[in-house]
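Biologist: Hi! Could you walk me through this one? I'll just ask things as they come up.

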Amino acid sequence: MSAIMLGGCKKFLDVNTDPNNPTDVQESLLLAPIELNISDNITSGFAQLATQTFLQNIAPNQANPGIYNYQMFNVDMNGDWTTFYVTVLNNLKILNQKAESEAHWNYAGIAKILTAYTLGTATDLWGDIPYSKAFDKTNFLVAYDSQEEIYKTIQSLLNSGIADIAKGDAVKPGGDDYFYKGNMASSDKSRLFAEGALLHSPHESTRSHRCSAGG
Amino acid sequence: MLSTTLGNPGLTNERLNEYEAGLEMNFFKDRLTFEGSYFSRKSTNGIIPGALISNATGYTGTTINSAEIENQGIELLLGATPVKTNDFTWRTSANFSSIRNKVLALAPGINQLGRLIVGQPYNIFYGNRYKRTADGQVLIGANGLPVVDPTQGIVGNANPDFMMGLNNSFNYKQFTFSFFFDWKHGGDVQNDVNAYGYTYGTVKATEKRGDMVIEGISEVDNKPNTVVVNGQTYWQSRQYESTIQDGTFIKLRNISLSYDLSRAVLNRTPFKTASLSVTGRNLWIYSPHFDGADPEVSSYGTGNGVQSIYAFTTPTSRSFNVALKIGF
């Protein structure tokens, strides 16, 4: 009887496990919000709107001083930096780790392709960016990779993403994959899209890198 | 999705060292009273929740435990009963407080976290500002408009110089009349309404919108500016710095008139006491430098980053009450 009581008490006092904030979830619960954020904040988002403003594709009729009058400060891009690194890339890293450890190769492949796409967009905006030394909880002064390094990383992420998908794993995303509804042939196409975007990037370094790599 | 803040398992207790000295004096059978105190507080190992870290770590911030902040202040309270006769009593009291604070340290290698800057008071305003000459005059560009400084800087301080309250009450027979003034001197407010109002021409200052010459030193020839600009162009180029206003105010916080029914009248009723009062709250606001509705409003609360921001919030309400109080 006392053993049961003790057991009960031990469980009751377990305040370190918060059922509302799980520390580990299945891939399908990560992929949906990540894709939402890629759509909202990477493909769209402030940086892309700013680009459209500078290209004079959009303009408000009257605006207080700021981006719409071509007045920009470094800090104005802080929000985008957060969505790229904190909201999207860090969660993609977790998704990839989880999928690889569970051998859910379709999820792992999608995570790598989406990471490549996000990195490609980031390097278009900022040039040299952190990646190889990033996402380390113990290092707050993160070293940057050169844009050339980033493009090599993107290429290798795409290659291993394709290799993951080619393993033909039976576990496929469904409705949690807003982009392709789990159609892995289409995910392959997104790789081609990402590669195409790379190839047509305005940056000279990219094109020369692609040419030298025989692409 | 992962939490955007990184936990810190190495936190320790905050430490607060405080010294306080006080003095209390009563004169003339309590007709005059004085209380005064001085305090000095220094907190170390201060916890800063959400201290920004490189987002490339995958997190926006973490909790650190290394802040040092200093607070020093004086508080005075003076009370007096200048007149006291059988029928008439006048009581008055005034309180005064002035607090100075300073951020001494944040974290190794970090001198600024948002509105906290080492060596500056707690909660300054930081952002876009105008370029100035060494003696503080605004630099004007060839187009006749103030030049925007390419680096942001400190443009204001939310901490008031001092606060005062003045309370008076007059009793004449069964009548009591009292009023209470609140005075905050200094302390800047970020007026977000103006940030839009300058652009849309809805701020009082923009009434003057014809051609004008902006006072300042021309960047072109280092002489006083003479270039004429259109008022609308000028107002629509106003920067963050222009939305910081001195939030000094004097408010008539409370004014009240009451009448107590005499015992003689109440003897024939079941009531022991009865009074009728009329009270008005916030009937008058005087804010000479602030052109929004109420400089006391802090639209986003009193947190670290959001103190003293006025953004499309309704002012403190003005109210009239008529009350009948009866006691059994």
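Biologist: Is A:Tyr85 buried or exposed?
Modeller: A:Tyr85 is buried, because its relative accessibility is 0%; buried means under 20% relative accessible area, exposed over 50%, and partly exposed in between, with a 1.4 Å probe and protein chains only. A caveat before we go on: this is a predicted model, where local features need pLDDT of at least 70, side-chain atom pairs count only at pLDDT 80 or more, and totals for chains, interfaces and linings use all residues. Residues are numbered from 1 along each chain as its sequence is written, chains are lettered from A and ligands numbered from 1 in the order in which they are written, and side-chain values use heavy atoms, with hydrogens and water left out.

Biologist: And A:Trp81, what's its relative accessible area?
Modeller: A:Trp81 comes out at 15%, so it is buried too. A:Trp81 and A:Tyr85 both sit in helix α4 of chain A (residues 78-102), four residues apart, about one turn of the helix. Helices here are DSSP runs of H or I with at least four residues, strands are E runs of at least two, and both are numbered from the N terminus.

Biologist: Why is the pair of A:Trp81 and A:Tyr85 tilted?
Modeller: The planes of A:Trp81 and A:Tyr85 are at 40°, so the pair is tilted, with ring centres 4.7 Å apart.

Biologist: What about B:Phe175 and B:Tyr259, how far is it centre to centre?
Modeller: That distance is 4.8 Å, with 50° between the planes, and this pair is tilted as well. The pair links distant parts of the chain, 84 residues apart: B:Phe175 is in strand β12 (residues 175-185) and B:Tyr259 in strand β18 (residues 249-260) of chain B. B:Phe175 is partly exposed at 40% relative accessible area, and B:Tyr259 is partly exposed at 30%.

Biologist: Which residues form the aromatic cluster?
Modeller: One cluster is made by B:Phe88, B:Trp90, B:Phe170, B:Phe177, B:Phe179, B:Phe181, B:Trp284 and B:Tyr286.

Biologist: Switching to the interface, how many residues does each of chain B and chain A bring to the contact?
Modeller: Chain B brings 26 residues and chain A brings 28, where contact means heavy atoms within 4.5 Å. About 2200 Å² is buried between the two chains, 63% of it from carbon and sulfur atoms. Buried area is the accessible area (1.4 Å probe) that two parts lose on being put together, summed over both. B:Met1, B:Asn55 and B:Ala56 supply 30% of the area chain B buries against chain A, more than any other three residues.

Biologist: Which helix gives the most on the chain B side?
Modeller: Helix α1 of chain B (residues 192-200) does, with four residues on the side that touches chain A.

Biologist: What does α1(B) pack against within chain B?
Modeller: The buried residues of α1(B) pack against β13 (188-191), α2 (231-236), β17 (244-246) and β20 (309-310) of chain B. Among those buried residues are B:Asp192, B:Ala195 and B:Tyr198. Just after α1(B), B:Gly201 has a positive phi of about 70°.

Biologist: Last one: where is B:Thr133 found?
Modeller: B:Thr133 lies in the loop between β8 (124-127) and β9 (139-140) of chain B. Leaving aside neighbours within four places in sequence, B:Thr133 is in contact with B:Leu139 and B:Ile217.

Conventions. Phe/Tyr/Trp six-rings, centres within 6.5 Å; stacked < 30°, edge-to-face > 60°.
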